[in-house]
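Student: I have a model on my screen and want to learn how to read it. Can you take me through a few features?

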Amino acid sequence: MALRRVLGLGGALGRRSCCSKPPLPPDLVEALRAVVGVPNVSTATAVRQQHGHDESMHPCAPPDAVVWPQDVEQVQELAALCSRARVPMVPFGTGTGLEGGVNAVQGGVCFDLSRMDAITELRLEDFSVAVEPGVTRKALNSHLRGTGLWFPVDPGADASLCGMAATGASGTNAVRYGTMRHNVLNLRVVLPDGRLLHTAGPGRQPRKRAAGYDLTSLFVGSEGTLGFLTQATLRLHPLPEATVAAAVAFPSVRAAVSCTVQVLQAAVPVARIEFLDEVMAGACGRYSGVELPAAATLLLELHGSQHGLTEQQRQAEEIVGLNGGSSLAWAEEPEERGRLWAMRHNAWYAALALRPGCQGYSTDVCVPISRLPDVVVETQQDLRESGITGPMVGHVGDGNFHCLLIFDTQDPAEAQRVHAFTQRLGRRALAAGGTCTGEHGVGLGKRALLREELGQEGLDTLRSIKTALDPHNLMNPGKVV
């Protein structure tokens, strides 16, 4: 119960448990089986439980049935069946979300899209590719090996690309290559009633357009509340000729974050610039066996031509020195750079290792770059005064940072402190002109903060859009709005 209070959950979610009895009408279950085949429909408790949560701390809320469509026509038929029966529908990719986006808080049917895993169209000359929802970012980049192209958006987890579009994901490379919102050219969407929509028109993939409302951007970040993303046409990028990376320690958190701002102001085209506070740096070093001092740290990566990198490195070293940073030892070999970024991507597990037996909750905010030093320092002070273990890590080149909150979920007092902290953090970001989430999404946990961020008119506009596309509130109900 303490955890539920932490996340501000109750009501309908509290009434559904991982052992709830499937209430779907038998004739609907049989109709679903008629579309996809008996092996591709399950009402087993274990399967439903597996699909009732993501990697967040939100309590499991299982669907009443899970279906595995094989193609877009089956998704259309299944959606039409559920729509006519007024049964909720929840899209499911790899389940790596962090805000309860796949939790079936009103039951219904979970559409597991992982078996639709075709890379349907690769146009090297146009720098674009079309993928189905079962294709993950690592699978795509493996497929692109040898072409000279890659897809750079990297949230850490090997998430499905359509799922990344649905949550508006970004990650370590966003400061150079943009977020999913910048890298999706077209989406094929099955609407709640089974109709098919191509957000930029069938087969179209222009690199820019000014024709009508931007439907693609509407569905990017919609978190499964408006329809099923059954294909995404993505922008690809040339692989850089040369890459170098380095870790640099600073005397204080403010110095590290101020250095980030100055690097960006100097127009150094960094590909990645990641921040670890001293607690996170020490934990990452111990967990990954990498020699890293327990100090405020930046991880930098530069991409470009060999000649261009020399100038970038000189600029970065000069700015680092002005902020009291340590000397930079640039890693050029792929293996060495791989170890550095593997350490960064294992930050979550390193944080959990700080308090064995406890659990974690990851929350994120994003603020204007100019406000970043003050907000990060204030947040670190808040963590200390609250007595919370919450190492900080962030994509500070975008003004986006995370607090990995490690706590005893069975301790009501500690749980309440964590809940109060997350609310203060969100409001601190809003007061600084930022957002309550830069990349995790709203899901279940940040609906109240979304209202404060957008205001009532903004929220009412979102609800009007939702009602126009999903008048019976069947698509992933209980999320976002």
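Tutor: We will look at one residue and then at a cavity. This is a predicted model: local features need pLDDT of at least 70, side-chain atom pairs count only at pLDDT 80 or more, and totals for chains, interfaces and linings use all residues. Residues are numbered from 1 along each chain as its sequence is written, and side-chain values use heavy atoms, with hydrogens and water left out.

Student: Is Glu439 buried or exposed?

Tutor: Buried means under 20% relative accessible area, exposed over 50%, partly exposed in between (1.4 Å probe, protein chains only). Glu439 is buried. A salt bridge needs a side-chain nitrogen of Lys or Arg within 4 Å of a carboxyl oxygen of Asp or Glu. Glu439 has none; Arg344, the nearest side chain of opposite charge, is 6.2 Å away.

Student: Which side chain makes a polar contact with the side chain of Glu439?

Tutor: A polar contact is a pair of N or O atoms within 3.5 Å; within protein, one must be able to donate a hydrogen and the other to accept it, and residues adjacent in sequence count only if both atoms are side-chain atoms. The partner is His402, at 2.9 Å. The Glu439 side chain also reaches the backbone nitrogen of Gly171, at 3.1 Å.

Student: How is empty space found?

Tutor: Rolling a probe the size of a water molecule over the atoms shows where it is left. On a 1 Å grid over the protein atoms alone, a cavity is a set of points where a 1.4 Å probe fits but cannot get out; lining residues have an atom within 4 Å of a point. The whole structure has one cavity of 30 Å³ or more. The lining of the largest cavity includes Glu55, Trp348 and Tyr361.

Conventions
Lys, Arg positive; Asp, Glu negative; His and termini not counted. 1 Å grid on protein atoms, 1.4 Å probe; cavity = no way out; pocket = protein on both sides within 12 Å on 5 of 7 lines; lining within 4 Å. Points joined across faces, edges and corners; volume = space filled by probe spheres on them.
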